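Welcome to this short briefing. Please have a look at the sequence and the model, and then read on for the main points.

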Amino acid sequence: MNNTGQIVKAKGSVPYAQIPNELLRNNKLSMKAKGLMSFLLSLPENWVLYKTQLSDHFSDGYDGIHTAWTELENAGYIVSIRMIDHEGKLRGWNHVVYYSPVKIEEI
């Protein structure tokens, strides 16, 4: 099954994007990852977006978006959670976007 799960923001929403300075000043993240994260943080709290739809919002192809996504996951800004049904089969993914990086142990 492909990585098409819905994306959920972990905290509240405002009518404008609040981008944490910590993210913007993180010299370990590429400009592409910061741009993707800025876009994700600009979405309303109840917005449902599928990872496969990200290419509809950017001129970058799948590979560029995937690279930025992986960077954000590795940095702890995005946590991907497998959705398993009652039979133990993978039914998709939920991706949680955090304003500050988290460690799996903190969730």
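A contact here means heavy atoms within 4.5 Å. Helices (H or I, at least four residues) and strands (E, at least two) are DSSP runs, numbered from the N terminus. This is a predicted model, in which local features need pLDDT of at least 70 and side-chain atom pairs count only at pLDDT 80 or more, while totals for chains, interfaces and linings use all residues. Residues are numbered from 1 along each chain as its sequence is written, and side-chain values use heavy atoms, with hydrogens and water left out.

**The chain as a whole**

- The chain holds three helices and four strands, and from the N terminus on their order is β-α-α-β-α-β-β.
- Of its 107 residues, 35% count as buried (buried is under 20% relative accessible area, exposed over 50%, partly exposed in between, with a 1.4 Å probe and protein chains only).
- Among contacts with a separation of 6 or more, 58% join residues 24 or more positions apart.
- The accessible surface comes to about 6800 Å² (Shrake-Rupley method, 1.4 Å probe), and carbon and sulfur atoms account for 52% of that surface.

**Helix α2 and its partner α3**

- Helix α2 spans residues 31-42 and helix α3 residues 62-75; their axes are 8 Å apart and the packing angle is about 80° (axes are lines fitted to C-alpha atoms, for helices over the stretch in contact, and angles run from 0 to 180 degrees between N-to-C directions).
- The two helices α2 and α3 are therefore roughly perpendicular to each other, a term for angles of 65 to 115 degrees.
- On the α2 side, K32, A33, L36, M37 and L40 meet G64, I65, A68, W69, E71 and L72 of α3.
- The residues of this contact divide into eight nonpolar, one polar and two charged (Ala, Val, Leu, Ile, Met, Phe, Trp, Tyr, Cys and Pro count as nonpolar, Asp, Glu, Lys and Arg as charged, and the others, Gly among them, as polar).
- The buried residues in α2 are A33, K34, L36, M37, S38, F39, L40 and L41.

**Two loop residues**

- L54 lies in the loop between β2 (49-50) and α3, and counts as buried because its relative accessibility is 0%.
- Leaving out residues up to four places away in sequence, L54 touches L36, F39, L40, L49, I65 and W69.
- A17 sits in the loop between β1 (6-9) and α1 (21-24), and at 39% relative accessibility it counts as partly exposed.
- A17 and L43 are 26 residues apart in sequence and 7.9 Å apart in space, C-alpha to C-alpha.

Notes:
Parallel < 35°, antiparallel > 145°, perpendicular 65-115°, else oblique.
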